[in-house]
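Please look through the model below before reading on.

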Amino acid sequence: MLCLTVPTDPAWASAVMNDLDSVLADHAHCEMKAASNALSLAARHPEAPDVVLALTDLAREEIAHFQEVFAWLRRRGIELGPPPKDPYAVALRRDAVELRPSPLPPLVDRLLVAALIEARSCERFKVIVDALASGPLSELRAFYERLLATEARHYRTFVDLAESVAGAPEGRALARLRDLAALEGVIVQNLSREASRATVHG
Ligand SMILES: [Fe+2]
Ligand SMILES: [Fe+2]
């Protein structure tokens, strides 16, 4: 799906179905982090007005997602709790910095890392939709179905912005995305060797 090189381990779907409440609480924090990352990128790159406009729009959508997931938490009587650790995002940002130096502006990598996080979230939401297919939680399933379409659009937004920041010749950001996607696949495989956790990126 999208640019991902490795599919999610089926064990993750079982971990999710065994502890849906933990995934929902983690998911709420992921939406909050997505909003704050988009705002932080916009604030740090005033020289790129297209990025500022697109990412402030995107942040607005992520805040709306947060509020929707938060409403699900309250409906189910779940505490939001403190943000769980996200070793996936930490490893992805670290490995992207350590990857062979890119001739492109650093903003390109930041946008591509965000694109990969969107792609993986989208892929995982599809796993949740499939796992909920036969259960009684049809409203929650419909919610994730709607969300995964939005996150796929966010993936596209980040990739298009990265391409535009990278400039001519066309395709330089996409080549870098392929390298980063390979790294992302290794991170996901390494994490799946540990016990699958009931978190969005666990
Ligand atoms: Fe979102
Ligand atoms: Fe998103």
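**Helices and an iron site**

Helix 2 passes helix 6 in a left-handed crossing, meaning that the near helix is turned anticlockwise from the far one by less than a right angle. This is a predicted model, where local features need pLDDT of at least 70, side-chain atom pairs count only at pLDDT 80 or more, and totals for chains, interfaces and linings use all residues. Residues are numbered from 1 along each chain as its sequence is written, chains are lettered from A and ligands numbered from 1 in the order in which they are written, and side-chain values use heavy atoms, with hydrogens and water left out.

The axes of helix 2 (residues 20–44) and helix 6 come within 14 Å and cross at roughly 25°. Helix 2 is therefore roughly parallel to helix 6 (an angle under 35 degrees). Helices here are DSSP runs of H or I, at least four residues, numbered from the N terminus; axes are lines fitted to C-alpha atoms over the stretch in contact, with angles from 0 to 180 degrees between N-to-C directions. Residues of helix 2 including His27 and Glu31 meet residues of helix 6 including Tyr144 and Glu151 (heavy atoms within 4.5 Å).

Glu151 is also one of the residues that coordinate the iron ion (ligand 2), along with Glu62, Glu118 and His154, at 2.0 to 2.4 Å. Donors are N, O and S atoms within 2.8 Å of the metal (3.2 Å for Na, K and Ca). Glu62 lies in helix 3 (residues 49–75) and His154 in helix 6 (residues 138–166), so the pair ties together parts that are 92 residues apart in sequence. Glu62 also coordinates the iron ion (ligand 1), 3.5 Å from the iron ion (ligand 2). Glu62 is buried, at 0% relative accessible area (under 20%, with a 1.4 Å probe and protein chains only), and His154 is buried at 1%.

Technical notes:
Helices (H or I, at least four residues) and strands (E, at least two) are DSSP runs, numbered from the N terminus. Buried means under 20% relative accessible area, exposed over 50%, partly exposed in between (1.4 Å probe, protein chains only). Angles under 35 degrees count as roughly parallel, over 145 as roughly antiparallel, 65 to 115 as roughly perpendicular and the rest as oblique.
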